[in-house]
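Here is a short briefing to read alongside your model. Keep the sequence and the 3D view open as you go through the points.

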Amino acid sequence: DGRGLSVRKEMTFRRGEWLVEVRLDVTDRGRRLPARLAWGPGFEALDPKSGSSQIHYTGQVVIDEARSVTRTRRVKETAVYRETGRLLWAGLDEQFFAALVLPAGGKGDVVVRPVAVAPEPPPGAAPDARPPKPVTQLVVAVGIPPEGARLFVGPKKYGLLRELGHDLDAVVWFSSYSLIYWLAKYLFLALLWIHENVVSNYGLAIVLATVALRLVFFPLNQYSMVQMRKMQTQMQRIQPKINAIKAKYKKMKDAKDRGKMNEEMMALYRKEGVNPMGGMSGCLPMFLQLPILIAFYNVLTVAVELRAAPFFGWIGDLTLKDPLYVTPLLMGATMFLQQKMTATTGGDPLQQRMMLMMPVVFTVMFLNLPSGLTLYWFVNNLLGIGQQWLVNRHTGRLEAAGAA
């Protein structure tokens, strides 16, 4: 600047390498001053074809200190993370990409600063239209020691980051919850293995992974389905007696009489050897599948390997919703059929109506979820229908033999 202040920023790129060497020297009349390399504001990586509604998060600060990653999306005022000598990397990331600074020897502090940014007006906006409101985005600055640093800017490909080392693969954010994190991570690794060794289509890889999961849970599903069928048969057998007890106390509204009715019903259950809560075991597979469903969703929203991965026909990106809503409707139909097959042997009419409402709820919920997730649930339902048919056939034979 002509008054003794000198700044030199040097970056070295090598062909075929992702890590860029960075040197940053700031001197005042020959005396070196602390300096930081900044990135931001924000992390502009929106895909105009998919629309911003498909971006789950962007411009998030990530800091890995001694292999412990912290993530920050909102900062009201400038925040400073002091140097500890254990900083592996820090920077900004979004759903599929990251910009990370790796200071040499872990010697670097981190400063995060919120900045108000005025968005670009939408295409075709009138010249006198009110400008969009400013949004707050983050700038992250990482201290660069005299030894320099390295810079990674690119897609968060798990295999690539794993090869680069420095715990960079930890930037792939499968989940903040341990159970979902490990489920999502190993589901993702299984999909990668199937894609690399069996089929080159991620949609088919999801189908094969679903079949494998169904085989793993086959014994538990079989036990739960059989128990549910037995409970329904027992409840159907004693339903006339239950109705008689209810009719007996129909006109009695006080709590004492209602208590007597419940006592009589419990006595009937004990006499007939029926456990009214036995049907809950049939819900166990559903509860166990929910963490897997969430894990599949997380994989489809963070794995850049699946970004823009087609299945076939109209499904050109498994991480986006089905544009024609075909798979959600098929998924709902198969779920309805499975619930109908489960409820063929009687039981509580109110409970059956509630179970038959679940396909409607799931169909509406899946309309805007990734098509890869809908594909998983659809295939899982098809396999469940096949297993339910086997259970119904087997228990039907046993019931016929018992009646004979």
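Asp1 counts as exposed because its relative accessibility is 55%, where exposed means over 50% relative accessible area, buried under 20% and partly exposed in between (1.4 Å probe, protein chains only). This is a predicted model, in which local features need pLDDT of at least 70 and side-chain atom pairs count only at pLDDT 80 or more, while totals for chains, interfaces and linings use all residues. Residues are numbered from 1 along each chain as its sequence is written, and side-chain values use heavy atoms, with hydrogens and water left out.

**Salt bridges**

- Asp1 pairs with Arg3 in a salt bridge whose closest N and O atoms are 3.9 Å apart; the term stands for a side-chain nitrogen of Lys or Arg within 4 Å of a carboxyl oxygen of Asp or Glu.
- Arg3 is exposed too, because its relative accessibility is 66%.
- Arg14 and Glu21 form another salt bridge, with 2.7 Å between the closest N and O atoms.
- Arg14 counts as partly exposed because its relative accessible area is 40%, and Glu21 is partly exposed because its value is 36%.
- Asp25 meets Arg32 through their side chains in a salt bridge of 3.4 Å, N to O.
- Asp25 is partly exposed, with a relative accessible area of 26%, and Arg32 is partly exposed at 31%.
- By this rule the model has 10 salt bridges.

**Helix α3**

- Helix α3 covers residues 202-216, 15 residues in total; helices are DSSP runs (H or I, at least four residues), numbered from the N terminus.
- From first C-alpha to last, α3 reaches 21 Å, close to the 21 Å expected at 1.5 Å a residue, the expected span being 1.5 Å times one less than the number of residues.
- Asn201 caps the N-terminal end of α3, with a side-chain oxygen 2.7 Å from the backbone nitrogen of Gly203.
- Gly203 is also one of the buried residues of α3, a list that includes Tyr202, Ala205, Ile206, Ala209, Thr210, Leu213 and Arg214.
- An α-helix has 3.6 residues a turn, so residues three or four places apart point the same way.

**Nonpolar surface patch**

- Leu208 is found in helix α3 and counts as partly exposed because its relative accessibility is 38%.
- Together with Trp193 and Val198, Leu208 forms a nonpolar patch on the surface, with about 310 Å² of accessible area in all.
- Patch members have over 30% relative accessible area and no salt bridge, with nonpolar side chains (Val, Leu, Ile, Met, Phe, Trp, Tyr) joined within 5 Å and like charges within 9 Å.
- Accessible areas come from the Shrake-Rupley method with a 1.4 Å probe, and for residues only the protein chains shown count as cover.

Terms used. Helices (H or I, at least four residues) and strands (E, at least two) are DSSP runs, numbered from the N terminus. A polar contact is a pair of N or O atoms within 3.5 Å; within protein, one must be able to donate a hydrogen and the other to accept it, and residues adjacent in sequence count only if both atoms are side-chain atoms.
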